[in-house]
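Work through the exercises below with the sequence and the structure in view. Try each task before reading its solution.

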Amino acid sequence: MTLAETPAGLRILHLSDTHLFGDGRLHYGQVDTLAALDRTLARAGSLDTLDLVAATGDLSDDGGEQSYRLLASRLARFASDRGADLVYAMGNHDLRAGFEAVLGARETVTLRHGFRIVTLDTSVPGAGYGSLDADQLDRLAGILAVPAPHGTIVALHHPPVPASSALLAALELSNPEALLDVCAAGDVRLILGGHYHHALAAQARGIPVVVAPGVANSSDPLAAAGTERAVVGSGFAVVELPAEGEPRVVFLPAPGPDDGSEIFDLDATEVARIADAAGSGA
């Protein structure tokens, strides 16, 4: 598939939720997430023109340095071969020590072709939900105080838009309005997120929000109310952001032999138990 060129714009490969293990374990005892990542990158390999690779959290499942090395060995080469910048965001499964030891700072600012890309760490240690504290929001406001020529992209794990299922609704970003206040007051043109394990395009305060499909698995946004279901399946997003105007987003699958096989189907009681343990309690 050949995607249209974006004159004077930014082409982004957006990946999320790779959930790698350093020791080769299978995710939920079923999914080889490293193989899923390799398959995803092979599917995206026709993108010879690329400006940015953004990986928006839950990069590791065990939080160990080896899992981040496996990720970096793939993504750094993929980005370098195409002359693209590479940014990582922390997710709720990521551990700060391992992330920082291999991937570097948890919050970064990158400039590319007049665009500014800001990564934010929405993780809360030991929890599944996300949050941004006052210091983080103040830093973001300070960055946005000086506009970039073509605006700013914010990359984070927990999107500032509602989830589609009961469990993920309990594990959302706890203060999305505070983030959106800062973004809307600045030059933010696009927010990239993950966490939901399914493709989603939305708007919040007029800002486009793109949630990438999961690499590790696919959640079912049509699961029965109160339940949570996931199947084998990987995907990614390609986002083209012009110098002016709205982004163009294409969501693509990375097909595998077991696609559609059920990984879990949690009833309302189990969803409530997990939500109580990992949610914000809001």
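The exercises cover a sheet and a helix.

The model is predicted, so local features need pLDDT of at least 70, side-chain atom pairs count only at pLDDT 80 or more, and totals for chains, interfaces and linings use all residues. Residues are numbered from 1 along each chain as its sequence is written, and side-chain values use heavy atoms, with hydrogens and water left out.

**Exercise 1.** Find the order of the strands in the open sheet, and state which strands stand at its edges.

Solution.
- Strands are DSSP runs (E, at least two residues), numbered from the N terminus. Two of them pair if DSSP finds at least two bridges between them.
- The open sheet is formed by 5 strands with mixed pairing, in the order β3-β2-β1-β12-β13.
- β3 (85–89) and β13 (248–253) are at the edges; each has a single partner strand, so one side of each is left without a neighbour in the sheet.
- Within this sheet, β1 (residues 10–15) and β12 (residues 235–241) run antiparallel and are joined by 5 bridges.
- Arg-11 stands opposite Glu-240 in β12.

**Exercise 2.** Determine how the buried residues of α7 are placed around the helix axis.

Solution.
- Helices are DSSP runs too (H or I, at least four residues).
- Buried means under 20% relative accessible area, exposed over 50%, and partly exposed in between (1.4 Å probe, protein chains only).
- In α7, Val-271, Ala-275 and Ala-278 are buried.
- Seen down the axis of α7, these buried residues fall within an arc of 85 degrees, so they line one face of the helix. The arc is taken from the directions from the helix axis to the C-beta atoms.
- Thr-269, Asp-276 and Ala-277 are exposed on the other side of α7.
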